[in-house]
Structures are given as C-alpha cells and as structure tokens.
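We will go stop by stop.

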Amino acid sequence: MNAPSTLAEITSIAALGAELPHESARLHVTGEAVFTDDIPELRGTLYAALITSPVAHGELIGEGIDRAALMAEHGVVAVFTAKDIPGENNCGPIIHDDPFLAAGKVEFIGQPVAVVVAREMLYAREVAKKAQVKVFELPAITTIEQALEAQTTVLPPKTVTRGDAPAAIAAAPHRLSGTTRTGQQEQFYLEGHITYAVPREDGQLTLYVSSQHPEGNQREAAAALNLSTKDVEVICRRMGGGFGGKEGNASIFSQSAALAAFKLNRPVKLRVNRDDDMTITGKRHDFRIDYDVGFDDSGRILGLDVMLASRCGYSIDYSGPVNDRAVLHIDNCYHLPNLRLVSHRCKTNTQSSTAFRGFGGPQGMFGIETVIDAIARKLGKDPLDVRRRNLYADPAKSGDATTLTTHYGQVIEDFVADRILDDLEAESAYRARRTQIDAFNAGSRTRKRGLAITPLKFGISFTATMLNQGGALVNIFNDGSVSVNHGGTEMGQGLNTKMAQVAADGLGVPVAWVRVTATDTQKVPNASATAASSGADINGAAINNACDQLRARLAPVAAAKLGCAPGDVVFAGGEARGNGRAMPWKDLVKQAWLDRVGLSVAGFYKTPEIGYDNVLLQGRAFYYYCYGAAVTETEIDTLTGEWWLKRVDILHDVGRSINPAIDRGQVEGAYIQGMGWLTMEECIWDAKGKLLTHGPSTYKIPVAGDVPEAFNVRLFENQNIKPTPNRSKATGEPPLMLALSAFFALKDAVSASAGHQGPVDLDAPATPERILLACERARRAG
C-alpha cells in the first residue's frame, strides 16, 4: 500500500511512533507551500534594500550617505538611516551592542548603513548597490591571531579547571602538544532572509518574517519604533531552512522593513539576494584550538590543557553561549580527570558570528577528538581503542567516583555511548574492514583509504535557564477538529508534524483531525527561539499540558453519558471509553459545548531540574544527553587531494521516537551538513576583511552526489529517562557531530599515504588542497 501523502489522509494510525509524512510534504513538492515571499502583496506595497559598508572598520562622515542624491534616483520613495529610528537601534539578541543600522561607525564590510525604499524591488536594489557610503577608513582586525595579539574581545575570557592539569601533564609517561583549527560555515538556507511588514490600524504592525525567533523580532521591532509589544504581531508559517542563521540575524531585516513600513504607513517587503545575505549575516564560529596533553601507555588522558579561541566578529550576538557550549562539550564522551581550559572570545571586524546547528558543541568535540587521534597515532594504536580507554564509566566498575561526572560538575545519568560503540563496531564490521583497508592501501600507490569511528554525547537544554520554557494553545471546535498553535517554528525539520502527533495522542484522536497553525506571537506570547534542539521537547510538553487540561474538562462530560467515574474515562481511537461503552469524540465535543465547557486551553511547560552558573560554568547545564556514533570510510587521491565518501554507518539515540521517519531524515541531513563543514565549506576573506565566498559559485555545499550509496542509519533502541513527549530525545543538532568521523577518516587516509609513520597535520575544512598539502607534510615527517 502506498504511504499517505498528507496527514489529512491518516485516520487509523496510532499517533506516537508512527512514520507519518511531513505535514507539508505534498505542498513542498507541488509548490503549493506558502513561504513569506509567496504571501499575496497588498496594494501599495513598496520594496526595500540595504546600503552596506564597503570597509571593515571606519567612521561614518555625517549619515554616511548623500540622502538627496539617493532620493533623486528613479523610483525611490524614501531613505532611512539610524537617525530616523524613533526608539532603540539594536538587533543584539542578548547584549544590546549591535545596531541594525550603523550609527557613527561601521565595523565590518556589509554592515547595513541605510534602508532605501522604492516602488519596485529592482529599483531599490540597484540604488543600494551603486550608493556611495561616505566613511573614513580605520585599521581593521580580521583574524583570530590578530585579535589575540591585540587582546580584543567581545567578552572576557573564561577558565574552567578540574584537578591539577599542569602537574598531571608533567608527570605523565607521554606528552603531546599541538594546534588545530575549525572553519566557519554559512547556514545556506534555501530561502533567504525576508520580511513583509504591513501597517495596521491605530499604529499596529504585522510582520511576516522567516524567523526562528518571532518573539525576538516582535520585541526588538517594538523597541525600535517606541511601540509596546502588544502592538506588533509576528507571523511565521514556515521557513525554507534556518540552521541557527534565522535566530538572531532575522532582526536585521525585520526591523529595517518595520522601520520603513511604520514611517511610510505602507506595506514594505525586504528580501535580500544571496550575495547580500551572505555578506551581512553571521556564520558558524571558527576556532583555533591549542592543546597540551599527558597520557599513559594505554592512551588514557591524565591531564589536558586547552586553549579555545573563536572569531566572534564585531558584536557579542550569541558568542557567549556558543563559546560556553564549546567549553561544556570539550569532553565529548570522555572522562578528563585533570583539565585546564581557557576560552577566548575574540573581537574582529567581521560579521558577528552567530548561532549554527550545534552552537559551539561541534567545535569543542572536534578539539577533544583531535587530541584522541593524535594520542593514538603517537602510540601506534587504533583510535577506537584509545577512545574506549577514555570513555566515561560507571563508578561501580571504575572504582573512581568521578568517572560519570563532567568537568562542569554534572553527573551523567543516562550514559549509553559505550553500548552504542559496541553495537556499531559489530554492525559495521569495523575490525574486518580495518584489515581490508590496510590491504588495499598496501597495494595502492596513489589511492589511499581511511576509516574512523567517533562517538558523541550532546547536552540538551538552553544553557540560559530562563529560555527552557514553552507555550501552546489548543482549540477544539464543535465538529471535533482541533487546532494547535505553539511557540516553535517550522523550518523543514518536521516540528509541526511531531506536534500534531503529540496533540492527537494527548486527546486520543486521529492525526487527521489536528491542524498545527502558523507561529503567531499574538497566540503564544514570550516564546523562546526554536533552537538548542529544544523545539519538540518544550513545545510538545506544553501541548501535552494543554491536552491534560482538556481531558480533565471533558472526562466528567463523558462519564455522565457512559455511567462511570471521570477517572475511569479513557480517550483513544477517536472515542471516550468507560464502563464497557464508548462515546464518539465528535458527540462528546458537541455535548461539552452544550454543557458550556471551555474547549480552548493554553498549555505551559518549563524544563525541570536544570540550573547552572554561567559565570563559573558549573552545575546542571543539561536536562539529558543524546548519544550516537558513526563509522565513515573515505578514499583520497594523494596526487590531487580529491576524496570520496565510500560508506557511512550510523547508530543514533533518539529515545523513543515520535516519528522515526522524520528522525532518520534529521540524522542523515545533519551528517551531510556536518561533513560539509568539515570537508568542503570554506569562508575565504581577503586582507581587508571582505568575504570572497558569498554565493554558490564560490562557496561549495554538499549536494546529492556527495551522499554515499552505502549510507546505513539505524536508530538505537532506547527511551529517554526523562519524561519528554513519548520519552523521545532531540534530533535537531546532535547528529551533526556524527560527521566528525568523516574528517578523521580523511585524516586516517592521509596518514596511510605516509605509511602511518608520523603525525598528521590537517585542519578543517579538509579541502582537496589541504589534503594534498597534508599528504606532503606527512611523508616528510615520516
């Protein structure tokens, strides 16, 4: 039987755990899905474009523009600069240090200086492109090394210590030190940033925004226009991708459009092209990682001293929590008995680095996996054996009370990485394939293969405790149909599909009877961003809370008809059941309305148990952890650096899945995106701070041809120890770190090119050029 193409066709399948299609799948493939740019435009709509800085650092001369000259251009209706903002000029999501229109100075190439509004989008873009920005150029700092030397930071450094790392390193039988780097990464969502701002009566404003954080856009637009938050409504039905890039950065564009619409009392659309989008918005933080490690003959880490330094750009943005999460994930799955870590948050004259899937976790985990790999090559051991030697362990088995406690003081309650590694090692035939690859490499002069297996442990919760809350509005209509609104946003990840399943299960009705509506700040207020892999957890729990209240209201109505106690009523299969009898859901709802029972409920949830000191970086930072592991096999051409992904095997822990089909899709997509970050996606800057890779012609992302034919994904049989919806676990961010195995498989292949005789010096991304140079260095070192 063919799978149903829409949720509306599903009437008999149990909601939770079912492999239901994405609620917009048919709409996506037929082109019927309405994105922000597809919303019919109102009569009188105008179009905006941004005039941006041509220099990385400078003082604006006057407003920085010739307003009269711009107004004289064909089709131009208005021009706005910072001086036209009636309220606060800020798009900084945490610290208000980031103007959405430059005021007095510019601090990166591409920083918006003015908004030009015209009758047609083409007119606005052409005028913005040729506008001359009047600026006195100043020296710029553009790299991590320059920032470290000048000691320029967006936030003070943070230090975490455990035990006595210097003493442990000095006393260790073996010692290694090194430096590695991870690159930036562009979010490259298919739908670029866009806002359609529509004035309403009595000074109100509706913003249709492609945003992961509508509440942030609402709050910041209200502050900029001296409105109260109740007068600004932000709506987002769906995004064409986000990946963190539409969490804080969307406010740059939503506020610019809101300013123009408010001033002109006309609808204004601001849609940036890809070049401007990439030039204006922030990327994943790139890191420099210095390490000094002491270890014993088995590869067990005795002491580790680490320096993390990231390029944060010109303002704070999310750099505080991103760098904190890198610190919190420096352990990955490994017990580090003695650790000293210093984290530098470097200020540079580049776009403010921002949120990206993983939010600092991947960079921290890359650091420790680099250390593990270096130890294994120094000792001539299989890196898997060194990884196993350092895994967290049950104190009852290790004899050490600290071996399930992290360096930030959280006791791990649900560690299963060891079991996952055991299962995946067997399923992937890792040892046998290692032997086969060694034989292939011995017989091949220019082609070499590599193999790597890496585990992951990723903490789930916002590290800012107050953000771990969610809201939902559930309405039951007279015909028995149900509408659900929640604070999360749909960006293609399937959140709304899962939320429909949660609501259907909570009320005991078919999923076909549930509609999840567009995210709307006037329906569910004060919502956190859809980020930190928390969307299904907090919003699903809020929906469950609303459904619990509705069942409590409906149970007495059903009990009166069924002749049983309210506590004996069961809601399932589109019925209320009790006393051996059943009452159809639609009849129950009708009777409840006749009895004047409220059928609209707001649900709320706050994550329990968590709480940690974000200054000392100590405490319970996460509600639970996700785990996984991946085995990747690669092949390189040692003459060109070209490489191929031969096979991938993944075992990933999603708890008891709400929708296994969606979760597998998230795992597969996250791996490929992570592989792109570590192997091919490279942001290149010139000496003056200009981004040279600002479009698909110069910035390479993975495509279908990069996906291996042998791509084996299995979901680990497990359930969350915490009472999340269906005992599921988050799947948004954690699987990205599975791609670490791709990088270290390439590193293994480079090592094979020199007969595994020496260290391998390879930074990420492992582009063909870097692989070729790494092969040459490895041969010389060997």
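Select Ser211. This is a predicted model. Is Ser211 buried or exposed? Its relative accessibility is 0%, and the cut-off for buried is under 20%, so Ser211 counts as buried.

Now find where Ser211 sits in the chain. Ser211 belongs to the loop between strand S10 (205-209) and helix H6 (214-224). Show the side chain of Ser211. It reaches the backbone nitrogen of His213 at 2.9 Å.

Next, select what Ser211 touches. Leave out residues up to four places away in sequence, and you get Asn217, Cys236, Met239, Lys246, Ala250 and Thr489.

Move on to a sheet. Which order do its strands follow? The order is S7-S15-S14-S13-S8, in an open sheet of 5 strands with mixed pairing. Colour strand S7 (153-162) and strand S8 (174-182). They stand at the edges, and each has a single partner strand, so one side of each is left without a neighbour in the sheet. On average, neighbouring strands here are turned by 10° against each other, direction ignored.

Strands of a sheet pair through backbone hydrogen bonds, either parallel or antiparallel. Select residues 301-313, strand S14, and residues 339-347, strand S15. How many bridges join S14 to S15? There are 9, and the two strands run parallel. Pick out Val306: Leu341 in S15 stands opposite.

Last stop: select residues 361-379, helix H10. Helix H10 lies across S8, strand S13 (287-295) and S14. Look along S13, and you will see that H10 runs at about 40° to S13.

Definitions and conventions
Residues numbered from 1 in each chain as written. Predicted model: local features only at pLDDT ≥ 70, side-chain atom pairs only at ≥ 80, totals over all residues. Heavy atoms only, no water. Pairing = 2+ DSSP bridges. Helix = DSSP H or I, 4+ residues; strand = E, 2+ residues; numbered from the N terminus. Axes fitted to C-alpha atoms, helices over the stretch in contact; angles between N-to-C directions. Contact = heavy atoms within 4.5 Å. Buried < 20%, exposed > 50% of the residue type's maximum accessible area, 1.4 Å probe, protein only. Polar contact = N/O pair within 3.5 Å; in protein donor to acceptor, adjacent residues only side chain to side chain.
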